[in-house]
Amino acid sequence: MQELITKEMVERTVTGLSERDIREGKVITTTWKPNLRYAWDNGPALGRYLAELKNGRIIGKRCRRCNRILLPPRMFCELCWRPTDEWVYVKDTGVVNTFVISYIDWKAGRIPKGQRPFTPAVIEIDGASPGMGILHLLDEVEPEKIYIGMRVKAVWKPPKERIGAITDIKYFKPY
Amino acid sequence: MALIERHQKTTDITYWEGEIPLNYIYTVGRAGERFFREIMENGRIIGARCENCKKTYVPPRIYCEDCFARLESSYVEVSTQGTVHTYTICYRAMDGSPHEKPSIIAMVKLDGADGGLVHFLGEVEPEEVQIGMRVEAVFKGKDEREGSIFDIKYFRPIK
Amino acid sequence: MGLRRVAIVGAGLTKFYRRAQETPKELAYEAAKMALESCEMRLEDIDCVVLGTAPDAFDGIHMNGEYLIDGAGGKRKPYMRHYVGGGTGVLSPIHGWFHVASGMFDTCLVVAEEKMSSCYPHPAGAFLTIFDHTTEQPLYPTLIWIFAIEMNRYMTRWGLSKRDIALVSVKNKKNALDHPSSQVAAEITVDDVLNSEVMAWPVNRLDVSPTSDGAAAIVLAAEHIARRVTEKPIWIDGVGWALDTSYWCTRDLYYPDYVEVAARMAYKMAGIREPDKEIHVAEPYDPFSYKELHHMEGLLLCKRGEAIKLLVDGVTQRDGNLPCCPSGGALGVGNPIAATGLMKIIEIFLQLREEAGKRQVPGKPTCGVAQAWGDLMQVGTVVVLRR
């Protein structure tokens with residue numbers, strides 16, 4: 001049985017280390033904590049989207065050529081490759097397109113025992129085009145009871161706590 | 001129809017703040033491990049010699065950049081003395097605040113090597129520094145060394 | 001088309017580890033050196049170098065491509081870096097291919113490298129920043145969420161069970177026992193997969209490929225040089241690549257359209273009309289177990305929703321009619337993001353030359369396809385190789 005790349009050749013190439021080797025200083029390392037902070041311009045479309053979220057409303061934008069109502073709103077339609085047209089308010093209810101029950105957080109660490117797992121979902125918003133979804137969290141529902149096709153409604157933060165962010169909606173819950 | 005809207009007031013410009021919350025621990029690699037251990041344990045500077053190209057690399061590498069030969073069995077000691085190849089004088093720190101005392105950063109070409117190290121110059125006034133000046137490395141005491149480039153405190157003029 | 005024929009004539013691979021001591025440059029060197037030695041070429045025989053390495057955020061080195069240049073043999077040569085997330089490894093030979101096919105260069109060294117272990121608190125954290133910073137990042141999503149979201153949609157659309165999908169992990173981790181570079185090869189059962197820790201339902205720990213450090217490299221040559229250098233040049237007969245929008249919530253995730261577009265482009269160039277019959281061995285990208293099935297459908301190797309049938313019937317085993325991931329794939333060998341795709345290309349290269357050792361699929365395959373995926377469920381890169 002012919003082999004161009006053999007185990008012996010490959011074994012010599014890399015030295016494996018364990019997390020302990022690093023922590024106990026068995027190999028020399030240097031550390032760096034980058035101080036990278038950003039202020040991303042919202043642009044006109046996202047700016048309006050966030051401003052409307054502060055008012056407790058969700059707004060999209062229509063492209064007349066493909067007749068889609070785009071969410072989040074965009075200044076140009078990415079399919080027709082042309083500037084979009086009028087602003088359109090959409091509802092704050094929708095349908096679960098797909099979802100997850102997650103026991104890990106963004107750092108790949110496990111959530112504490114007993115804490116409710118995250119249940120993010122892609123929610124198709126009523127009033128926008130079919131299939132037009134946004135990512136958000138689901139809550140006030142047992143994870144095992146969530147299903148694709150479930151109807152949900154946004155739960156908003158009280159007006160004075162809203163700042164113009166996607167988190168002005170706390171989560172969506174079944175209704 | 002235009003894609004670009006004009007803002008009349010700067011307060012109309014909205015933005016979203018965020019950060020990239022990551023940090024790093026870098027290994028120094030096979031060649032780097034040898035380089036820093038020699039500095040840390042023996043106060044010596046090591047380079048890598050390519051006999052094909054007649055070049056000595058500092059810091060050492062496991063390969064020759066020009067002919068791709070493996071250099072791991074031809075590490076050599078180079079001198080801790082060298083010549084100032086070029087230098088600059090820094091008056092401000094990275095965040096723009098002024099230094100108490102200006103610092104001198106130099107590229108020191110080490111004797112016996114085709115490369116050198118970038119480091120501080122010490123025990124010398126900025127006005128006295130010249131390209132071509134002979135300098136030598138000043139190491140920290142052995143128990144203070146950690147296997148970092150700062151195990152060399154600075155280079156100073158050879159008296 | 002007016003383009004020259006290009007062949008792969010040599011290949012090199014490092015071992016894949018969770019955490020390597022070597023610097024990114026040293027990893028790139030080990031793979032590049034092995035690739036050159038495998039076809040007895042020297043660095044001076046190489047006209048140009050292309051390099052793929054995925055997010056700078058993993059290695060923690062800004063402008064990583066420029067940093068890696070000396071280890072990749074690119075010093076003072078025409079050099080380019082390309083990057084499409086996980087799809088990079090199969091974009092690498094494409095990038096090298098058009099350097100040589102255009103007639104501008106006769107030989108090209110293609111290198112792909114990744115060192116994810118430098119990133120803390122965990123390399124997975126670097127994925128936080130590929131989401132939209134304003135509308136998605138504040139929810140602290142992870143890439144595992146998106147995979148789980150896609151897997152859920154795929155399973156629900158076709159009524160698949162986790163039990164069936166787990167067979168992919170079982171097959172690939174077993175295949176990887178015969179791969180020299182493998183990091184997580186093991187003999188496991190479907191129950192092991194189902195009982196492993198639930199990370200984000202429906203994804204269990206054994207459904208996921210690991211984070212890895214590693215590098216891979218291949219040497220490309222124009223026809224007149226390829227025939228001199230080796231008796232078994234493997235021809236790049238078809239290339240295709242396509243990306244979809246980053247508005248991933250507006251797409252129905254049950255089917256990877258972007259992979260189909262790329263596959264059609266590659267098949268057209270290679271003159272393949274019936275991929276399910278003309279392809280003898282395939283390496284679809286498998287960072288997660290269900291992904292192998294998802295991509296098999298995108299590669300038109302079977303009808304939509306039917307990949308599971310091929311898996312369950314044993315068709316995709318090494319001795320089946322259409323072996324998939326005979327290498328062990330990302331699930332078995334490891335997943336250093338940019339290098340994985342190139343590892344798959346190398347596997348097809350070895351299979352077509354009948355030099356894959358114990359992993360060799362029987363039947364003297366002459367046509368194979370390798371595919372990679374990346375970004376926010378976005379990119380499909382496909383290469384068709386022939387003997």
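Two strands pair if DSSP finds at least two bridges between them. In this predicted model, five bridges join strand E2 (residues 37–41) of chain A to E1(B).

**Contact between chains A and B**

- Chain A contributes 22 residues to the contact, and chain B contributes 23 residues.
- On the side of chain B that touches chain A, the elements giving two or more residues are strand E1 (15–19), strand E2 (23–27) and helix H1 (29–42) of chain B.
- That side of chain B comprises 11 nonpolar, seven polar and five charged residues.
- Strand E2 of chain A and E1(B) run antiparallel.
- Tyr38(A) has Gly18(B) as its bridge partner in E1(B).

**Overall form of chain C**

- Chain C holds 14 helices and 12 strands.
- Its radius of gyration is 19 Å, close to the 21 Å that the globule rule gives for 387 residues, so chain C is as compact as a globular protein of that length.
- Along the principal axes, the C-alpha atoms of chain C fill a box of roughly 55 × 45 × 40 Å.
- Of the 387 residues in chain C, 70% are buried.
- Among contacts in chain C between residues at least 6 apart in sequence, 78% link residues at least 24 apart.

**Helix packing in chain C**

- Helix H6 (residues 162–175) of chain C packs with helix H11 (residues 289–298) of chain C at an angle of about 100 degrees, and their axes are 7 Å apart.
- Because angles of 65 to 115 degrees count as roughly perpendicular, H6(C) is described as roughly perpendicular to H11(C).
- H6(C) takes part through Ile165(C), Ala166(C), Val168(C) and Ser169(C), and H11(C) through Ser289(C), Tyr290(C), Glu292(C) and Leu293(C).
- The residues of this contact are five nonpolar, two polar and one charged.

Methods: Residues numbered from 1 in each chain as written. Chains lettered and ligands numbered in written order. Predicted model: local features only at pLDDT ≥ 70, side-chain atom pairs only at ≥ 80, totals over all residues. Contact = placed C-beta atoms within 7 Å. Helix = DSSP H or I, 4+ residues; strand = E, 2+ residues; numbered from the N terminus. Nonpolar A, V, L, I, M, F, W, Y, C, P; charged D, E, K, R; others polar. Axes fitted to C-alpha atoms, helices over the stretch in contact; angles between N-to-C directions. Parallel < 35°, antiparallel > 145°, perpendicular 65-115°, else oblique. Rg over C-alpha atoms; globule rule 2.2 N^0.38 Å. Buried ≥ 20, exposed ≤ 12 C-beta atoms within 10 Å, placed from the backbone.
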